[in-house]
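Colleague: I am new to this structure and would like to know what stands behind the words used for it. Please set each value against its definition.

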Amino acid sequence: MEPIKEATRVSFGETLAELAAEYPDLVVLDADLSKATRTDIFAAACPERFVNCGIAECNMLGVAAGLAAAGKIPVAATFAMFSAGRAYEQIRNSVGYPHLNVKIAGTHAGVSVGEDGATHQCLEDMALMRTIPGMTVLCPADHYETKAAVRGMLEHEGPVYIRLGRLPVDSVYHAHSLENFTIGKGNLLREGTDVALLATGLEVPEALAAAELLAAQGVSAAVADIHTIKPLDAELVAELARKTGAVVTAEEHSAIGGLGDAVLAALADADVRVPVEKVAVQDVYGHSGTGMGLVDEFGLRAKDIAAAALRVAARK
Amino acid sequence: MEQSERSALRRAAARLRLDVLEQVFTAQSGHPGGALSSADILTWLYNKELNLDPAQPRWPDRDRFVLSKGHSSPGLYAALARRGFFDPALLPTFRKSGSILQGHPDMKKIPGVDMTSGSLGQGVSTACGMALAAKLDGASWRVYTLLGDGEMEEGQVWEAAMFAAHNKLDNMCWIVDSNGLQIDGRVEDVAGPGPLDKKFEGFGFQVLKVDGHDFDALEAAFAAARAEKGRPTVILATTVKGKGVSFMEDQAGWHGKAPNAEQYAQAKQELEAELARWEVE
């Protein structure tokens, strides 16, 4: 397979359409954003199992819960802001508490939404979804990993939140390398001895590029793709922290409650005491701009990860 | 309806109200007012309307019931226990730690509960999802959901109403327990969600108005709901909050309060007299 530059929302829509026949119980719901979440690809392939719920996200999550209670596998898609955010309580009480087999796709997550600005740039979705007992939280990095994650979430019994992005992203994987995609198991992409870079989503290629920048300065960085925020691969996190003695987490999300905090909690639980820095959006709202321009402005690029890595390495 | 059938329903409703009283008194917690106002509706549903098999609570072709006004849980629990879904001896464990009988309905713990509910406005959306599933499968089972008139103030109810009508969910029947009261007072004074008949007509429902304590009227309304094609039905059932216990009737204060020993004794006496009355006839 060739490297491919694709938005994870597109990979998501394509994969749903590809799996329609294999999963006869699959029903896809959207809230008037199907052309953006790309569930329109599924709708074109399988119109009889696509239901547009209109601009009514709270009802959509309830409908999804009812479908799941009747044996269907509903996938409810809208922007992360309007599922994890607006419909948080519906997800908590109607989906999470009864542990129903509902899959929630939150697209257009993070500042890379771009021009729409702060109201549409959800930076809290992973934090919110992590608080729900039994919820699995996925954040795939690229086209191939999204394909694997979509299949993985359909095979998984129970509620899943999958975080997807608007911008096309360079692939870090090839299809064959994801045969072992397992929910809850991080992927070590690069070995290293001086610092561990733990990244998720769009930050995975940035972390790989950061490792190159660090190598040029004689610093050996390990890079892991933490595609599952919950349950976190605590074993891999602790192992890399022990081995390298310094950790940088990288996520296009608030520094509060996301990957960084999940890693800190795992390190505390494992009693691994190493310097840690979180590359994330630092408790502020986003604003309008170009997608990658904002990733740059908010300090989420390879150079920022590399700078953080040098700081934590110096604190060892 | 034969008089003997009507008397049997009256007995069952009096038994259900006694069960509600016992649960709330034993727990010293819970919501008697709305459970008593909806007692006749629940009695009709669980004795006459719903196609169920207590031996197979998860039977795929059963009719579904979602108690969107989940705080009326003691009424639902009484109906399920008396229908044989679980031992009525469990009713006094209502709201106690370790009991399956949670404060609000829990589908994972209680046999016969089709959906976890309690956060107002949410149950009705889940009922829409079930009705959609039946449509997708071409199945003939139906979905019933009971809401409160105060619950009509939740915006999600109207999102669900649009969804049900747009998707022509004629396999679902909503029942609004219109007892006119909510925690803070009269529904019309607190937020005034009416006129519900005109609103539901505007949303594309078949609207039926009945006395929610009249079994003949309920029988006719549910038959009309089953016969309707192409649109969902809402039964606006006018009821009396606290029905059957004189001092609780039409009193907002009994929305979510347990009686003390003296009040319990009086309520029990009144409901036992009602039970005895229909035993005789």
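Predicted model: local features only at pLDDT ≥ 70, side-chain atom pairs only at ≥ 80, totals over all residues.

Colleague: How do you know that chain B agrees with a compact globule?

Modeller: The radius of gyration is taken over C-alpha atoms, and the globule rule is 2.2 Å times the number of residues to the power 0.38. For 281 residues a compact globule would have a value near 19 Å, and chain B has 18 Å, so the two agree. Along the principal axes, the C-alpha atoms of chain B fill a box of roughly 50 × 45 × 40 Å.

Colleague: What makes a residue count as buried, and what share of chain B does so?

Modeller: A buried residue has 20 or more other C-beta atoms within 10 Å of its own, with C-beta atoms placed from the backbone; 12 or fewer make it exposed, and anything in between partly exposed. In chain B, 53% of the 281 residues count as buried.

Colleague: Which residues of chain B are said to touch chain A, and how many are there?

Modeller: Two residues are in contact if their C-beta atoms, placed from the backbone, lie within 7 Å. The contact takes 21 residues from chain B and 24 from chain A. On the chain B side, helix H5 (122-137) and helix H6 (155-166) each give two or more residues, and H5(B) gives the most, with ten. Helices (H or I, at least four residues) and strands (E, at least two) are DSSP runs, numbered from the N terminus.

Colleague: Why are strands E3 and E12 of chain A said to stand at the edges?

Modeller: Two strands pair if DSSP finds at least two bridges between them. The open sheet of seven strands in chain A has the order E3-E2-E4-E5-E7-E6-E12, with mixed pairing. Strand E3 (50-52) and strand E12 (228-230) of chain A each have a single partner strand, so one side of each is left without a neighbour in the sheet.

Colleague: What makes E2 and E3 of chain A a pair?

Modeller: Three bridges join strand E2 (residues 26-30) of chain A to E3(A), and the two run parallel. Within E3(A), Val51(A) is the bridge partner of Leu29(A).

Definitions and conventions:
Residues numbered from 1 in each chain as written. Chains lettered and ligands numbered in written order.
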